[in-house]
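Please look through the sequence and the structure shown below, and then follow the explanation one step at a time.

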Amino acid sequence: MPSVTYLHVDGTKQVIDVPVGKRIMQAAVAAGIDGIVAECGGQAMCATCHVYVDEAWADSFAPISDEEDEMLDETVCERTQASRLSCQLVVTDRADGLIVRLPATQV
Ligand code: FES
């Protein structure tokens with residue numbers, strides 16, 4: 001099962017095993033990880049599941065859709081090249097070792 005590290009702005013790391021097919025947002029919410037709000041429940045309509053995907057894993061996920069791209073313009077913290085909506089990130093075996101950085105705030 002892929003191991004995913006959620007890295008908080010204060011440097012705190014939370015590492016969880018995420019089943020293939022699960023979304024990065026779903027795994028974080030289920031594990032009670034602070035920093036992902038996910039107000040819309042994964043519909044790409046709120047941008048409160050914003051994360052920064054470490055460059056080494058950028059190709060491990062489907063490209064940004066038009067819908068996700070629009071919502072990424074609504075994030076509270078700065079959008080960067082690494083920005084993704086974690087509800088759109090489906091875990092595959094290639095995600096093992098993935099590091100996602102959490103923004104300072106989602107709302
Ligand atoms: S949970 Fe709302 S956009 Fe991801």
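**Surface, fold and pairing**

The accessible surface of the chain amounts to about 5700 Å², and 46% of that area belongs to carbon and sulfur atoms. The model is a predicted one, and in it 41% of the 107 residues of the chain count as buried, where buried means under 20% relative accessible area. As for charge, the chain carries 7 positive and 17 negative side chains, with the centres of the two sets 5 Å apart.

Turning to overall form, the C-alpha trace spans about 30 × 30 × 25 Å along its principal axes. Because a compact globule with 107 residues would have a radius of gyration near 13 Å, the 12 Å of this chain agrees with that expectation.

The chain contains two helices and five strands, which follow the pattern β-β-α-β-α-β-β when read along the sequence. Among contacts between residues at least 6 apart in sequence, 66% join residues at least 24 apart.

The pairing of strands can be followed from strand 1, residues 3–7, which pairs with strand 2, residues 13–17, in the antiparallel sense over five bridges; here threonine 5 has valine 15 of strand 2 as its bridge partner. Five residues lie between the strands of this hairpin, and glycine 11 takes a positive phi near 95 degrees there. Strand 1 is also joined to strand 5, residues 98–101, by four bridges, and these two strands run parallel, with arginine 101 in strand 5 as the bridge partner of leucine 7.

Conventions. Residues numbered from 1 in each chain as written. Predicted model: local features only at pLDDT ≥ 70, side-chain atom pairs only at ≥ 80, totals over all residues. Heavy atoms only, no water. Rg over C-alpha atoms; globule rule 2.2 N^0.38 Å. Buried < 20%, exposed > 50% of the residue type's maximum accessible area, 1.4 Å probe, protein only. Contact = heavy atoms within 4.5 Å. Areas by Shrake-Rupley, 256 points an atom, 1.4 Å probe, with all protein chains shown as cover. Lys, Arg positive; Asp, Glu negative; His and termini not counted. Charge placed at Lys NZ, Arg CZ, Asp CG, Glu CD. Pairing = 2+ DSSP bridges.
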